[in-house]
Amino acid sequence: MLPPTGSSYRESAILNCHVSTAAQSGQTKEISHAFEMLWLVQRPVSQAVVSWPDCGLPWIRFSTPRSLVPDSGHGKNHKDAASVRATHPIPAACGIYYFEVKIVSKGRDGYMGIGLSAQGVNMNRLPWLLVGSITVSDTCNGAQTAHSFINTYKLSEVRRHTGQVCDFLLVSEEVSWKEQRWDKHSYGYHGDDGHSFCSSGTGQPYGPTFTTGDVIGCCVNLINNTCFYTKNGISLGHAPYDLCFTYFYPQCILQPNLYPTVGLQTPGEIVDANFGQQPFVFDIEDYMSEWRAKIHGMIARFPIGERLGEWQAVLQNMVSSYLVHHGYCATATAFARATETMIQEDQTSIKNRQRIQKLVLAGRVGEAIEATQQLYPGLLEHNPNLLFMLKCRQFVEMVNGTDSEVCCLTIRSPKSQDSYPGSPSLSPRHGASNTHLHTGGADSPTCSNGVTPTNKSKSHSGAGSSSVKYPSVSSSASSSTSSSPSSVNYSESNSSDSTKSQPHSANSTQETSDSEMEIEAEHYTNGVVEGSSARIMNGTYKHEEILQPDDNSIGNGVTDEGCNNNRQLCGGNQAATERMIQFGRELQALNEQLCREYGKNATHKKMLQ
Amino acid sequence: CVNYVTNVSVTFVLMQEVTATSRHYVDRLFDPDPQKVLQGVIDMKNAVIGNNKQKANLIVLGAVPRLLYLLQQSSSSLELRTECSVVLGSLAMGTENNIKSLVDCHIIPALLQGLLCPDLIFIEACLRCLRTVFISPVTPVQLLYTDSTVIPHLMSLLSRSQRTQEYITQIFSHCCKTPEHQTVLFNHGAIQNIAPLLISPSYKVRMQALKCFSVLAYENTQVSMTLVNVLVDGELLSQVFVRMMQRDQPIEMQLTAAKCLTYMCRAGAIRTDDSCIVLKTLPCLVRMCSKEHLLEERVEGAETLAYLMEPDVELQRIASTTDHLVAMLADYFKYPSSVSAITDIKRLDHDLKHAHELRQAAFKLYASLGSNDEDIRKKITETENMMDRIVSGLSESSIKVRLAAVRCLHSLSRSVQQLRTSFHDHAVWKPLMKLLQNAPDEVLVMASSTLCNLLLEFSPSKEPILESGVIELLCSLTQSDSPALRVNGIWALMNMAFQADQKVKGEIVRCLGTEQLFRLLSDPDTNVLMKTLGLLRNLLSTRPHIDQIMSSHGKQIMQAVTLILEAEHSIEVKEQTLCILANIADGNTAKELIMTNDDMLQKIKYYMGHSNVKLQLAATFCISNLIWNEEDGSQERQDKLREMGFVDILHKLTQASDPNLSDSSLTAAPHGAFGLLIEETLVSENWTNEV
């Protein structure tokens with residue numbers, strides 16, 4: 001590609017965002033009511049998708065600053081495309097979600113796409129949400145553009161970071177809109193041919209084409225996992241695919257959240273988004289009322305059969321079994337006493353289960369497996385699939401560095417490990433401190449800035465960097481120490497072993513960094529806080545044949561968190577890495593074995609990825 | 001209650017004694033003690049509930065006249081009269097035969113008489129019984145209108161109670177079958193009286209009122225125009241209907257409200273681009289076509305939708321993209337499904353019953369969708385097995401399906417592309433020809449109209465159709481009593497004659513016969529006349545054909561032309577006739593028929609000076625053909641025409657403002673310096689035959 005030619009194509013694609021300026025207008029109530037109406041299940045309005053990644057700044061319109069090369073027929077190439085995601089994902093519990101986009105101008109060729117896309121990262125593992133991205137396809141210009149975005153918006157947003165959901169802009173240059181057609185979990189309806197695309201490069205004929213003046217809507221129905229588009233208020237019917245949502249158990253989300261997305265390709269394309277600030281052209285409330293009626297009808301007609309008149313007993317049983325299932329054993333006992341019912345399960349058994357659950361939640365899956373084998377012999381043997389799932393998770397946790405098998409290798413005394421999170425009662429606090437740590441890290445730009453240069457230098461001169469990195473880690477650790485006493489022990493152990501493991505880390509990464517220089521460079525220029533972890537990840541999967549390239553998503557996500565928590569990664573320890581690789585191979589073997597026994601299993605495949 | 005149970009069990013257990021028991025009930029009606037009669041009627045009521053056999057027995061044993069007598073007797077207690085009407089209502093709930101017997105006993109006047117009583121409970125009982133009788137298809141609805149005081153009285157009863165509202169509106173909606181009925185109800189203030197019921201707290205009342213409006217507005221401009229301006233509780237009626245179409249409302253209500261708006265729209269009271277049609281009614285009706293609804297609802301939805309968008313191409317376009325309608329309709333052909341045949345007889349029966357209805361509804365909707373837009377037609381023909389379905393639909397036993405299938409085919413036949421491709425591939429002409437052999441008129445109209453399109457010059461089906469002896473069939477159609485069939489017959493012949501070879505033309509003339517041809521030329525229907533002239537024009541094209549036909553039929557044709565030119569006819573007809581004359585003038589020998597006819601030349605001269613440019617042009621064509629330089633004897637003809645003073649007229653025409661005309665006049669100048677360029681104006685009539 002030739003260098004950018006200047007500003008002539010600067011305004012190539014403009015996205016107008018009418019952001020709900022709820023605070024400044026008297027319509028606040030109305031708007032929030034409108035949002036509430038959009039939710040079958042009530043949730044705080046603050047989590048609703050309200051805008052494109054504008055982060056509440058008064059910049060209503062923004063352009064994707066790309067420069068195109070006149071000779072190469074700009075806009076014709078997929079690589080010239082860009083897509084914009086909304087700041088927030090579609091809330092998992094909303095039931096039915098809808099947004100509309102008005103085509104203000106079709107630009108030169110009208111290659112626009114409206115739809116949904118996933119982040120491509122395992123959201124669950126990230127305590128914060130990556131809330132929107134502008135993708136820039138011009139690889140030559142990418143680095144520069146990325147920087148400009150970060151400088152302008154990202155840092156300011158990092159400051160606004162609230163600890164739970166941050167309005168955050170990530171610029172990643174590797175994904176472009178048209179390429180996103182091939183991405184997993186991206187769904188789009190294209191204006192030029194009226195085709196609909198689903199995670200693949202070839203679209204299916206779907207609806208009419210659309211152009212200037214049309215209002216295109218996209219409705220996601222999480223009740224039956226379908227999606228349909230509307231044109232000028234007329235429903236075009238279900239898109240020929242089911243959406244891949246696995247929202248129901250937050251603990252085991254394998255598929256990521258979906259974001260309202262708009263893709264633009266040729267100069268002059270302008271669209272206006274409406275997330276509910278203005279009345280929709282399509283009568284979405286009518287649609288929702290139908291579903292509401294359907295669900296009410298379903299409840300009303302629910303067959304109760306013989307048990308008519310035993311409502312009380314049924315309800316009590318329901319409450320009791322819920323409490324038992326989730327291991328709230330004291331509450332369950334109290335409830336049983338009050339209602340004079342019996343609890344089927346033994347208390348110790350409940351406690352045991354609770355302990356295993358906590359181990360899993362704390363990421364110490366290996367211990368959890370061990371405990372299960374001890375307490376419930378035969379259970380895992382009879383459920384090889386469950387075992388496999390657990391091992392997969394264990395592997396992920398190993399990469400993360402949480403799992404004890406790795407931790408034992410990195411931390412001096414295994415006992416100290418035991419002494420800290422060994423008792424389940426501590427683990428919730430452990431979780432809290434995680435968040436806090438992370439928050440501290442992200443809150444202070446100096447910290448994150450501190451990390452980035454360190455990494456950079458580290459990749460060039462291995463050993464010297466450890467001294468640079470060390471203070472930055474301890475600074476963040478000490479900042480957290482003051483506010484959270486419970487984490488003192490933890491951060492100390494971390495900082496101490498990070499000194500020790502640093503050379504290893506440098507060594508291991510340097511091996512790969514030669515071959516992966518390019519990729520790394522990109523990561524650095526991104527300036528993303530978790531640069532170092534990403535690099536380690538790159539290195540890891542280079543070694544790791546088990547992991548397919550896709551696991552970028554999971555891997556990145558996991559390691560990102562690891563880094564933010566300042567917990568030492570397994571990548572920091574040679575022995576641990578080796579153990580991990582070995583474990584990965586075992587996992588692969590286990591999968592093969594299962595395949596032989598039960599035939600191919602799609603879920604397993606997915607998990608391996 | 002105990003009574004009821006014992007009685008029922010008695011009738012069940014002792015079937016052989018049924019008649020005896022029934023006899024006992026009837027006998028008790030004649031008891032001198034009114035108290036005992038009342039008890040007897042109550043017992044009878046309990047005995048007949050849900051027992052069709054008992055009902056039939058009682059009717060046979062003559063209970064009805066006695067009950068009616070008791071009902072009408074003012075000396076009877078109100079309680080007795082009420083119970084009587086309840087029993088009668090119960091009897092009416094039985095079979096259709098029961099209803100017939102009741103009507104034969106003059107139950108309707110008796111009950112209507114009963115409505116004059118002030119007692120509400122009695123009135124309600126009478127109304128309930130009347131309702132049951134009137135909703136039966138065997139009851140002649142005219143009985144409601146025989147007494148002119150009935151309707152006003154019913155209107156006044158509307159305010160009495162929710163029950164009276166429900167029953168009366170239900171009676172109205174079942175008894176409003178003709179435009180006259182609509183007018184009667186309208187004139188008695190049905191709209192003002194029923195409109196408030198649309199917001200009644202009772203669902204049944206709302207529903208019946210809505211149904212009432214749907215039958216009142218159907219194809220009735222007067223009612224529809226009034227409806228749009230009606231306010232219900234400060235809200236426009238159309239908005240009330242829109243509210244009733246909301247998706248959480250019962251399907252029946254959504255569907256009926258959509259019908260109301262559809263009828264109002266078709267009657268011109270609501271614009272087709274009104275948002276309540278485009279964004280509400282149309283999507284609602286499309287929704288009704290989806291799989292999740294009952295078969296009846298899908299049929300009704302599809303038919304109403306077809307009716308709604310029939311005249312409006314924009315609605316057709318919108319509908320074609322809504323919810324994959326075109327693909328969704330393909331499901332209508334999948335009944336009875338293979339699953340239902342195996343799993344459950346009841347469902348198979350149900351499916352079979354509705355299969356015809358579903359198919360005809362789908363064909364109708366396809367016909368409506370594809371009537372104007374080429375892209376939609378393409379989409380339809382590309383739907384799975386569509387052409388095969390139409391072909392098999394053409395030979396189905398049910399007339400309704402055949403008619404709908406041929407309508408669909410007609411709609412699709414307006415596409416040049418489809419005519420050339422799928423129509424030919426599937427040999428649709430075969431079943432079509434078969435259909436034309438013996439079909440009722442309505443099917444015949446559609447089928448012949450489709451045939452017109454299939455006979456167009458570029459249609460590859462033209463040849464095989466010609467070989468199958470279609471000419472005789474079409475000629476017989478031209479003798480039909482129905483103007484529509486005559487038009488289609490002659491139209492098809494006209495299309496057939498266009499650029500046809502001599503053999504076909506000769507066959508047409510021979511088969512049709514000059515007599516019939518001239519009868520058609522004096523047809524009262526202008527359309528028939530126009531198409532006949534078109535046929536003549538197509539027959540008289542290319543020189544050898546002209547000469548041949550004129551040599552055999554020249555005299556009659558000249559006569560007919562003279563007649564038409566002399567008679568009072570529209571400009572178009574005269575123009576067409578002059579064009580025929582121009583064609584004749586193009587023949588080698590046929591020219592002489594004009595040249596020797598001074599009267600005709602005078603007529604041509606007259607039309608050259610006519611105020612209508614089209615006629616001037618046609619007449620000038622005629623002259624220029626006569627004086628064409630390169631032919632034998634052109635000099636003599638030019639001389640003759642010059643003598644007759646055509647030069648002046650031509651000169652005048654060259655000064656005329658119309659560039660089209662002056663050009664042609666210039667070339668026609670008898671001085672013959674210019675080559676004449678007359679384009680053969682063949683009839684390529686607008687072949688998209690509107691029916």
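Reader: What percentage of the residues in chain A are buried?

Author: Buried residues make up 52% of the 609 residues in chain A; buried means under 20% relative accessible area, exposed over 50% and partly exposed in between, with a 1.4 Å probe and protein chains only. Keep in mind that this is a predicted model: local features need pLDDT of at least 70, side-chain atom pairs count only at pLDDT 80 or more, and totals for chains, interfaces and linings use all residues. Residues are numbered from 1 along each chain as its sequence is written, chains are lettered from A and ligands numbered from 1 in the order in which they are written, and side-chain values use heavy atoms, with hydrogens and water left out.

Reader: How many helices and strands in chain A?

Author: Chain A has 21 helices and 15 strands. Those are DSSP runs numbered from the N terminus, helices being H or I with at least four residues and strands E with at least two.

Reader: OK, chain B. How many helices and strands there?

Author: Chain B has 44 helices and 2 strands. Of its 691 residues, 57% are buried, and its accessible surface comes to about 29200 Å², 53% of which belongs to carbon and sulfur atoms.

Reader: What share of the contacts in chain B joins residues at least 24 apart?

Author: It's 69%, counted among contacts between residues at least 6 apart in sequence, where contact means heavy atoms within 4.5 Å. For chain A, the figure for residues 24 or more positions apart is 74% of the contacts with a separation of 6 or more.

Reader: Give me a residue from the inside of chain B. Where does Thr577(B) lie?

Author: Thr577(B) is in helix 38, residues 571-586. It counts as buried because its relative accessibility is 0%. Beyond its neighbours within four places in sequence, Thr577(B) is in contact with Leu533(B), Val561(B), Ile564(B) and Leu565(B).

Reader: Now the two chains together. How many residues does each bring to the contact?

Author: Chain B gives 13 residues and chain A gives 18.

Reader: What area is buried between them?

Author: About 1200 Å², and carbon and sulfur atoms give 51% of that. Buried area is the accessible area (1.4 Å probe) that two parts lose on being put together, summed over both.

Reader: How many salt bridges between chain B and chain A?

Author: There are 3, a salt bridge being a side-chain nitrogen of Lys or Arg within 4 Å of a carboxyl oxygen of Asp or Glu. In one of the salt bridges in this model, Glu290(A) meets Arg247(B) at 2.8 Å, N to O. Those two also belong to a salt-bridge network with Lys294(A) and Glu292(B).

Reader: Which helices of chain B supply at least two residues each to the side touching chain A?

Author: Helix 18 (275-288) and helix 20 (313-321) do. The largest share, 4 residues, comes from helix 18. By type, that side of chain B divides into 4 nonpolar, 4 polar and 5 charged residues; Ala, Val, Leu, Ile, Met, Phe, Trp, Tyr, Cys and Pro count as nonpolar, Asp, Glu, Lys and Arg as charged, and the others, Gly among them, as polar.

Reader: Switching topic: what's the phi of His106(B)?

Author: About 60 degrees, a positive value although His106(B) is not a glycine. It's in the loop between helix 7 (96-104) and helix 8 (107-114) of chain B, and counts as exposed because its relative accessibility is 55%. His324(B) also has a positive phi, near 55 degrees. That one lies in the loop between helix 20 and helix 21 (325-330) and is partly exposed, at 26%.

Reader: Back to salt bridges. How many over all chains?

Author: The structure holds 31. One of them joins Glu310(B) and Arg407(B), with the closest N and O atoms 3.3 Å apart. This pair links distant parts of the chain, 97 residues apart: Glu310(B) is in the loop between helix 19 (295-309) and helix 20, while Arg407(B) is in helix 26 (residues 399-412).

Reader: And Arg23(B) with Asp27(B), how far apart are they in helix 2?

Author: They're 4 residues apart in helix 2 (residues 18-28), so about one helical turn separates them.

Methods: Areas by Shrake-Rupley, 256 points an atom, 1.4 Å probe, with all protein chains shown as cover.
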